[in-house]
Structure formats: C-alpha cells, structure tokens
Amino acid sequence: MGEPLAGRFEPRTGAKALVTAEDAVLLVQERHADGSPFWTLPGGGVCDHECPAEGLERELAEELDCRARIDDPVSTFWYAHDSLAAPLSVYTVFDCSLLSEPAPNPDEGVFEAKWVEPEALPPATLPQVRYLCSDAVASD
C-alpha cells in the first residue's frame, strides 16, 4: 500500500479572529480559486517565524487595515484548499475585539467585511465558520 495521507504533506498553519459585537459576528468575503465568493472569519496563514497570534495580527493589518486585541484561542478548524501548495490548513481561532474599523483590502483577497447575526449568515459561509458563529454568540 501507499504512504498514509498524513505523511504526504504538512498542513498549513493559520489563525482566524472571532470578533463579536452584541449579537453579531464579523465575517469577510473571500474567493475560491474558481472565483466563487465565500464568507469566513478574518485571518489567514501564519509564517514560519510567527506564533499564531502574531500571524493573526499581521493578517488583520494586511487584509482589513485594522488592529485588534487578540485574546485566548477558542477553537480550531480545518480547511481544504484547492489553490495552495499545502492543500489543508488548520486554523487556530482567537477571541478578538477590534481596536479600529475594518477596511477590506481586495489586493489581499478580502472583498467585503460585514457584521452578521448567526441566524442570518450568508449562504456561502463556510460550514466550520457557521458552527463557530452560532456557538460564539450563544455563549456571550
């Protein structure tokens, strides 16, 4: 038999921000490799020299031109990519609060940012994010 799947590649490390305000969660719109939009939490890949919180701080600055207070990790989730060298990412999700207003940066792959109530998430919200959003607002 062949080599086990886990031995073929290392998952990419990433960090996401779970930002809540009252009964809403901050989501960002990105695009799949085929151009179709999807909604996810702000954040992205972590560089080798960064810890996850440092990577998230950098990602928020690049993608949303904003700063945030990054608190404790609250969850993790896996995501399968179809456009990266590493086909799988594992994201650490941090509880965060914004210190400045987000401004989406299309040059960094973020086309829109909006506050959404968990019961009104856009249809193209990633399932992993859908679960985290409903759980986060319910536990506030």
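Tutor: Let us begin with a definition. A disulfide is a covalent bond between the sulfur atoms of two cysteines. In a model, a pair of cysteine sulfur atoms within 2.5 Å is taken as a disulfide. Please keep in mind that this model is predicted.

Student: How many disulfides does the structure hold?

Tutor: The structure holds zero disulfides. Cysteine 133 is buried, because its relative accessibility is 0% and buried means under 20%. Cysteine 47 has 32% relative accessibility and therefore counts as partly exposed.

Student: How many aromatic pairs are there?

Tutor: The count comes to two aromatic pairs. Phenylalanine 38 and tyrosine 79 form a stacked pair, with 6.2 Å from centre to centre and 20° between the planes. Planes under 30 degrees apart count as stacked.

Student: Which strands hold phenylalanine 38 and tyrosine 79?

Tutor: Phenylalanine 38 belongs to strand S3 (residues 37–40) and tyrosine 79 to strand S5 (residues 68–80), so their pairing ties together parts that are 41 residues apart in sequence. Both phenylalanine 38 and tyrosine 79 are buried.

Student: How are the planes of phenylalanine 77 and tyrosine 91 arranged?

Tutor: Phenylalanine 77 and tyrosine 91 form a tilted pair: the centres are 5.3 Å apart, and the angle between the planes is 40°. Since phenylalanine 77 lies in strand S5 and tyrosine 91 in strand S6 (residues 88–98), this pair ties together parts that are 14 residues apart in sequence. Phenylalanine 77 counts as buried because its relative accessibility is 6%, and tyrosine 91 counts as buried because its value is 5%.

Student: Which residue lies over the face of tyrosine 91?

Tutor: Lysine 16 lies over that face of tyrosine 91, at 4.9 Å from the ring centre. Elsewhere, arginine 31 lies over the face of phenylalanine 111, at 4.6 Å from the ring centre.

Student: Where does threonine 125 lie, and is threonine 125 buried or exposed?

Tutor: Threonine 125 is found in the loop between strand S7 (112–116) and helix H2 (127–139). Its relative accessible area is 6%, so threonine 125 is buried.

Student: What surrounds threonine 125?

Tutor: A polar atom of the threonine 125 side chain lies 2.7 Å from the backbone oxygen of proline 122. If its neighbours within four places in sequence are left aside, threonine 125 is in contact with Leu27, Trp39 and Arg130.

Terms used. Residues are numbered from 1 along each chain as its sequence is written. This is a predicted model: local features need pLDDT of at least 70, side-chain atom pairs count only at pLDDT 80 or more; totals for chains, interfaces and linings use all residues. Side-chain values use heavy atoms; hydrogens and water are left out. Rings of Phe, Tyr and Trp (its six-membered ring) pair if their centres lie within 6.5 Å; planes under 30 degrees apart count as stacked, over 60 as edge-to-face and the rest as tilted. Helices (H or I, at least four residues) and strands (E, at least two) are DSSP runs, numbered from the N terminus. Buried means under 20% relative accessible area, exposed over 50%, partly exposed in between (1.4 Å probe, protein chains only). A charge sits over a ring if NZ of Lys or CZ of Arg is within 6 Å of the ring centre and within 35 degrees of the ring normal. A polar contact is a pair of N or O atoms within 3.5 Å; within protein, one must be able to donate a hydrogen and the other to accept it, and residues adjacent in sequence count only if both atoms are side-chain atoms. Contact means heavy atoms within 4.5 Å.
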